[in-house]
Amino acid sequence: METMGQSKYPVELVQTLIGGTAHVILFSDGKKYVVKWNGTQNKRAKEVVNEYVVGKLAKYLSLPVVPFELVYIPDEFIKNTPKLHSKKYKFSSGWQYACLFIENSIVLDEVYKAFPSKTEVKNHDMLAAMVVFDLWVNNIDRTMSNLLLEHLSEGGYFVHMIDHGICFPGGYQWSAKTLTQKLKYDIPYQETYRWAFSMLNEEDFTSVVEKIVSLPNELIYEVTQSIPGEWGVSKEESEALYNFLVGQKSHLPSLITNFIDQYKSNIVNKKDKDDKEKKHKEKKIKKDKEKKNKEKKK
């Protein structure tokens, strides 16, 4: 288990994030962390499990997930923090998931009117890896709010992958049963992926597929076995999760082929739509000019 060590402890709750189940907390090392709590609601039972497992796998593949650790929140901190005395959510002491709070950053959704270009995204080469990885872990929630853009001092952005609570078949509430059922490969269309695909070539995906497929099964097993015991994942569930991840690797080549076909046609269609809209605007401007000229002659 990766921990911050007992020498670091929570000092102050700085901010409650949208949704109410995650908080920015200042720790004794002087850094702020986004803390996601285990067991806040039954309907989000596997949220921190998913964050932890997906984060560990992403780190092994050198993907840009925000640095994270497990932190221990004592009873005393909760008792002394009124904002954690919630009737709606359950905030209990114990090991929680915590990722570094990235200052000076925005989510992709905040720049949707003018997406950053390829030259502005310093680690744009990671976008293909993000797509393939999401297909592997069945992430159906890569919305424009789940991609963080960190402003760099030299200009441009560094992309961070965030929020992996809704992964694996069953999402927040996956079970051994949901993981073993035949999966419908219907990852929803995301504007995030359309933007990423516009900066990529088809061959960019190939090496990533190979890298994930060749990830040792022993490593995947270690990750699924390292889930904190107090998070309530049974042996049957951890084994089902391992089997799902291993089995899903074999589907990646066909999944990425389908993805490319879907987004390639979407970009072509969007270009056609944009061209039509441009021509329509030009035609309208021309008509307006002709109308004004006629009125002047009168």
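Predicted model: local features only at pLDDT ≥ 70, side-chain atom pairs only at ≥ 80, totals over all residues.
1. **Overall make-up.** Start with the secondary structure. The protein has 8 helices and 8 strands. The chain elements named below come from this set.

2. The protein has 298 residues, and 44% of them are buried.

3. **Contacts along the sequence.** Take the contacts between residues with a separation of 6 or more. Of these, 73% join residues 24 or more positions apart.

4. **The largest pocket: where to look.** Its volume is about 910 Å³. The lining has 35 residues. To find the centre, look for Leu17, Val34, Ser145, Ile162 and Asp163, which lie nearest to it.

5. **The largest pocket: what builds it.** Four elements each give at least two residues to the lining: strand S3 (32-36), helix H1 (47-60), strand S5 (94-100) and strand S6 (105-107). By class, the lining of the largest pocket holds 18 nonpolar, 10 polar and 7 charged residues.

6. **The second largest pocket.** This one has about 170 Å³ of space. Its lining is made of 14 residues. Asn138, Pro169, Gly170, Leu183 and Lys184 lie nearest the centre. Sorted by class, the lining of the second largest pocket has 6 nonpolar, 5 polar and 3 charged residues.

Key
Residues numbered from 1 in each chain as written. Heavy atoms only, no water. 1 Å grid on protein atoms, 1.4 Å probe; cavity = no way out; pocket = protein on both sides within 12 Å on 5 of 7 lines; lining within 4 Å. Points joined across faces, edges and corners; volume = space filled by probe spheres on them. Nonpolar A, V, L, I, M, F, W, Y, C, P; charged D, E, K, R; others polar. Buried < 20%, exposed > 50% of the residue type's maximum accessible area, 1.4 Å probe, protein only. Contact = heavy atoms within 4.5 Å.
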